[in-house]
Amino acid sequence: MKLDLNRDKVMIDISEILENFRAFIKSKGLKYTPEREEILIEILKYKDHFDVDELHMELKKKGSKISKASIYRTLPLLIEAGYIQEVYKQEGRAYYEVVINKLPHLHFICIKCKKVEEIIDPKLIELIQEHAKKKEFHLLSYHLEIFGTCLECRKGGMV
């Protein structure tokens, strides 16, 4: 099965991802289940941020019987395996994103309307890598969240 895993329309064969996930699960002494695979496949289709409720609804629309509890148990495994990361929390809800084939980026989050804008800036990436090198720090991953109010909310008097 092939999926478009980034905005540049690059198609990736997910069989290798599934094989690696299977090996990761077994290395943890856990059982590789069809439910975990179904959750991973659905998550890999997301181009944007998602939360558990959205993922659960999408799976249900496709006839899946996977429970929210199964999703909650699977997400930490997907984070540890390096497929997704938690990017921010709003009003008690955690949001995630796929990090496979995704450039490091930062998020501008409007505290009023909750809109999230992703920014990819090569200068910022270089700066982070430069400081990591100076400190002899091995980077695994990073994300940066900047909170404020967007132009639309400021124009609408929602400051």
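This report walks through the nonpolar cores and the salt bridges of the structure above.

A quick note on where the values come from: this is a predicted model, so local features need pLDDT of at least 70 and side-chain atom pairs count only at pLDDT 80 or more, while totals for chains, interfaces and linings use all residues. Residues are numbered from 1 along each chain as its sequence is written, and side-chain values use heavy atoms, with hydrogens and water left out.

**The cores**

In soluble globular proteins, nonpolar side chains tend to be buried together. A nonpolar core here is a set of buried Ala, Val, Leu, Ile, Met, Phe, Trp, Tyr and Cys residues joined through side-chain atoms within 4.5 Å. Buried means under 20% relative accessible area, exposed means over 50%, and partly exposed is in between (1.4 Å probe, protein chains only).

The largest core has 28 residues, and Phe 21, Ile 43 and Leu 78 touch the most other members. Two or more residues each come from helices H1 (15–27), H2 (34–44), H3 (52–61) and H4 (68–80), and from strand E4 (93–98). These helices (H or I, at least four residues) and strands (E, at least two) are DSSP runs, numbered from the N terminus.

So what does Ile 43 touch, leaving aside its neighbours within four places in sequence? Its contacts (heavy atoms within 4.5 Å) are Phe 50, Leu 55, Leu 75, Leu 78, Ile 84 and Val 98. There's also a second, separate core of five residues, including Val 87, Tyr 88, Tyr 95 and Ile 109.

**The salt bridges**

Side chains of opposite charge can pair when their charged atoms come close. A salt bridge here is a side-chain nitrogen of Lys or Arg within 4 Å of a carboxyl oxygen of Asp or Glu, and the structure holds 10 of them. Here are some of them:

| Pair | N to O distance |
|---|---|
| Lys 28 and Glu 80 | 2.7 Å |
| Glu 58 and Lys 61 | 3.4 Å |
| Glu 152 and Lys 115 | 2.8 Å |

Lys 28 sits in the loop between H1 and H2 and Glu 80 in helix H4, so this pair ties together parts 52 residues apart in sequence. Lys 28 is partly exposed at 37%, and so is Glu 80, at 48%.

Glu 58 and Lys 61 are three residues apart in helix H3, about one helical turn. Glu 58 is partly exposed at 23%, whereas Lys 61 is exposed at 65%.

Glu 152, in helix H6 (residues 151–155), and Lys 115, in the loop between strands E5 (106–110) and E6 (116–119), are 37 residues apart.

Finally, Asp 51, Asp 53, Lys 68 and Arg 93 are linked in a network of salt bridges.
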